[in-house]
Each structure stands twice: as structure tokens, then as C-alpha cells.
Amino acid sequence: HPGGVSRRCTDSLAGAWASILAPEQQTAEWQPQSLLTGGTKIGGRPLLFGCNQKDQSAQNSKPSSPAPTEPQVYTVQMVNDGDKDFFDPDRLHIQPGDYVKWILKAGVHTTTSYHPKFFSKPLRIPEQAEPWHSGVLKDEGQSFELQFHVEGVYNYYCTPHQSLGMVGVIVVGKPVDGPGLAPLPDVIDASGPMMEGMLYPREITKLTELIDWAKKLTS
């Protein structure tokens, strides 16, 4: 119905017009749409009908709400390059609901959150978040995927290569204060035997770099 005018309204106007006009005025040239212009006159006066108003339902309709943003999937490569083992990238800023997918590119690696549940490591993820440990990935192309819901800062590492500084950080939403931003211990002498739960010099150095980066994020 062009112009927001319904057929039912036009038909009713046609009947009203026919009842007003004398028979000799009801010529073949007369069209119901002339009622919609407000320009038709009888006795020098304009004949006006309410149906020439715009469709109120169209005026009052509101745009639909935008669809929720789809969760994003971020990829982290687990790399061995000669004598270097690292996550690429080693830092991510994502939003609650997003996924991180670690993919083994070369070497033998894990992705493991800093949590007492695994190898007695100190807690360095949000207290409400679930800790994770991928297990050892050995075959190129193997992957481990995790969805993040709790806002905050997450520190994680590779169990075989933690002493080499193979660590990473994920900021979910805002870098709110919590275990992931807690001060790190002083670098210790690691010349002795490896002990479960300890942090190694290169591990501490890399974590310090990543935490400083996370603190500068604003949202």
C-alpha cells in the first residue's frame, strides 16, 4: 500500500466521495487517489480525510537490536626454532566468551595455567577461573582449545620449557587486579636441581615483561 495507505482506507474514501458527489459529478475521470491529496474541493472548500496521514505503525516502529557479537577464535602457535621454544604470539587481549586455540607447530609442548592444581605452581589466573593443562602435544598440528569467560589476567607456561622462558599471558576484557598481576619473586639461583613449583630466572624475566604489557591495557 504505497504511501502507507491501506486498500481498505482507500475503498472507504471512495464510498464517502460517491455519497457526496452528485451523479453528474461522478465522471470516469474521478479517481479515489484524489482524496489523498487534500486538494479536492466542494463548494470552494478543500475536502480533507484523515487517511492521508502517514502510517503510524511505520513511524513508531523501532529498529531491532543488533545481533550479539560472535565469539572470536585466537590462534597461538607452539614453536621450536633451534634452541628457542616459545608461544607465538606470547600475549593476547581478548574479550569474555572468546576462544584461544594453541596449535603445535614444532617440538613437544604443553599449555598449562599457573595454578597449584598443576605441578604446585603459584596461582596466576583469576580465582574464579578454571585452570587448564593440555597434556603433552607431540604431533605437528595437534591443538588445544579453551573458551575464556572470567575477566582478568591469565599467566600460562609450557611444562617442558618453563625454565627457558616459554610462557604467555592472556588478558580477558580489562586487566583487573588479581593473581595474574601479582608481584613475582626475586630471581633465584637455579643452578641446583629443578624443584616442583619453582619459578626459574628466564621464566620470571619473561613473565615480568608480559605483566608490564598487560598493566598498560585499559579495556
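1. Phenylalanine 148 and tyrosine 154 are both buried in this predicted model, and their rings form an aromatic pair of the edge-to-face kind, with 5.0 Å from centre to centre and 85° between the planes. A search of the whole structure finds nine aromatic pairs, so that a reader may take the angle as a guide to the kind of pair, because planes over 60 degrees apart count as edge-to-face.

2. Among the aromatic pairs is also that of tryptophan 132 and tyrosine 156, which is tilted, with the centres 6.2 Å apart and 50° between the planes. This pair links distant parts of the chain, since tryptophan 132 belongs to the loop between strand 7 (112-113) and strand 8 (143-147) while tyrosine 156 belongs to strand 9 (residues 152-157), 24 residues apart. Tryptophan 132 counts as buried because its relative accessibility is 3%, and tyrosine 156 is likewise buried, with a relative accessible area of 1%.

3. The residues of these two pairs belong to one aromatic cluster, which is formed by Phe87, Trp102, Trp132, Phe144, Phe148, Tyr154 and Tyr156.

4. Another ring to inspect is that of tyrosine 157, over which the charged end of lysine 121 sits, at 5.1 Å from the ring centre. Lysine 121 also forms a salt bridge with glutamate 203, the closest N and O atoms of the two being 2.9 Å apart.

5. How many salt bridges does the structure contain? The count comes to five, and those that share partners join Asp90, Arg91, Lys206 and Glu209 into one network. In general, side chains of opposite charge can pair when their charged atoms come close.

6. Within that network, aspartate 90 forms a salt bridge with arginine 91, where the closest N and O atoms are 2.8 Å apart. Is arginine 91 buried or partly exposed? Arginine 91 is partly exposed, because its relative accessible area is 24%, whereas aspartate 90 counts as buried at 15% relative accessibility, the cut-off for buried being under 20%.

7. Aspartate 90 forms a salt bridge with lysine 206 as well, and here the closest N and O atoms are 2.9 Å apart. Lysine 206 lies in helix 3 (residues 201-215) and aspartate 90 in the loop between strand 4 (84-88) and strand 5 (91-94), so this pair ties together parts that are 116 residues apart in sequence. Both lysine 206 and aspartate 90 are buried.

8. Strand 9 and strand 10 (residues 167-172) run antiparallel and are joined by six bridges, and glycine 152 stands opposite valine 172 in strand 10.

Conventions
Residues are numbered from 1 along each chain as its sequence is written. This is a predicted model: local features need pLDDT of at least 70, side-chain atom pairs count only at pLDDT 80 or more; totals for chains, interfaces and linings use all residues. Side-chain values use heavy atoms; hydrogens and water are left out. Rings of Phe, Tyr and Trp (its six-membered ring) pair if their centres lie within 6.5 Å; planes under 30 degrees apart count as stacked, over 60 as edge-to-face and the rest as tilted. Helices (H or I, at least four residues) and strands (E, at least two) are DSSP runs, numbered from the N terminus. Buried means under 20% relative accessible area, exposed over 50%, partly exposed in between (1.4 Å probe, protein chains only). A charge sits over a ring if NZ of Lys or CZ of Arg is within 6 Å of the ring centre and within 35 degrees of the ring normal. A salt bridge is a side-chain nitrogen of Lys or Arg within 4 Å of a carboxyl oxygen of Asp or Glu. Two strands pair if DSSP finds at least two bridges between them.
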